[in-house]
Amino acid sequence: MEEGKSGEKKKVMVAIDESENSHYTLEWTLDKLRETIADSDVIIFTAQPNSDLGYVYASSFGAAPVDLITSIQENHKKVASLLLDKAKDICAKYGIVAETVTEIGDPKYAICEAVEKLNIELLVLGSHNRGPVQRAFLGSVSNYCVQNAKCPVLVVKKPAV
């Protein structure tokens, strides 16, 4: 992508999670868009789940130990950190130095907020290939982002095997 009007590099964000589809999306982006993103700032983004700990409180009759809650939150941080470290290693294999960002929250909202906050000019994310019934109950992060992100969105579908 060419540089912006003020000489700044374009910003491309690849949103990932722990899924195989997400891994495929990152590899696909680095391979197929290599020349396009070579002179861009590449940002790898992941959302840590909300710490909705209602189930912890319910299972402990409303008196969840503080160290249990802290442990759950720390585990979410570790998973996100490992995921982003792996993504940075994959980027390095393609000669891309990527910045990593993680936010806490529902992925569809967190991704769109990050796009706006970071002035992203292209968002790339994968599709979980859910059917219409699953999408109706679980929602679709990619569909939400296509409709609400303040930049162009590229959705990468992993081919069926």
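Lysine 10 is buried, at a relative accessible area of 15%. Buried here means under 20% relative accessible area, exposed means over 50%, and partly exposed is in between, with a 1.4 Å probe and protein chains only.

First, the ground rules. This is a predicted model, in which local features need pLDDT of at least 70 and side-chain atom pairs count only at pLDDT 80 or more, while totals for chains, interfaces and linings use all residues. Residues are numbered from 1 along each chain as its sequence is written, and side-chain values use heavy atoms, with hydrogens and water left out.

Now the overall picture. The protein has 7 helices and 5 strands. Helices (H or I, at least four residues) and strands (E, at least two) are DSSP runs, numbered from the N terminus. Along the sequence, the order is β-α-α-β-α-α-β-α-β-α-α-β.

Of 161 residues, 37% count as buried. The accessible surface is about 9,800 Å², and carbon and sulfur atoms hold 52% of that. Those areas come from the Shrake-Rupley method with a 1.4 Å probe; for residues, only the protein chains shown count as cover.

Next, contacts, meaning heavy atoms within 4.5 Å. Taking contacts in the protein with a separation of 6 or more, 79% are between residues 24 or more positions apart.

On to salt bridges. The term means a side-chain nitrogen of Lys or Arg within 4 Å of a carboxyl oxygen of Asp or Glu. By that rule there are 6.

Back to lysine 10. What does lysine 10 form a salt bridge with? The partner is glutamate 121, and the closest N and O atoms are 3.1 Å apart. This pair links distant parts of the chain, 111 residues apart: lysine 10 is in the segment before strand 1 (11–15), and glutamate 121 is in the loop between helix 5 (107–117) and strand 4 (122–126). Glutamate 121 is partly exposed, at 30%.

Another salt bridge joins lysine 77 and glutamate 74, with 3.6 Å between the closest N and O atoms. Both residues lie in helix 4 (residues 66–93), 3 residues apart, or about one turn of the helix. Lysine 77 is partly exposed at 43%, and glutamate 74 is partly exposed at 38%.

Last, aspartate 31 and lysine 32, whose side chains meet in a salt bridge at 3.6 Å, N to O. Aspartate 31 is partly exposed, at 36%, whereas lysine 32 is exposed, at 53%. Asp31 and Lys32 also belong to a network of salt bridges with Arg34.
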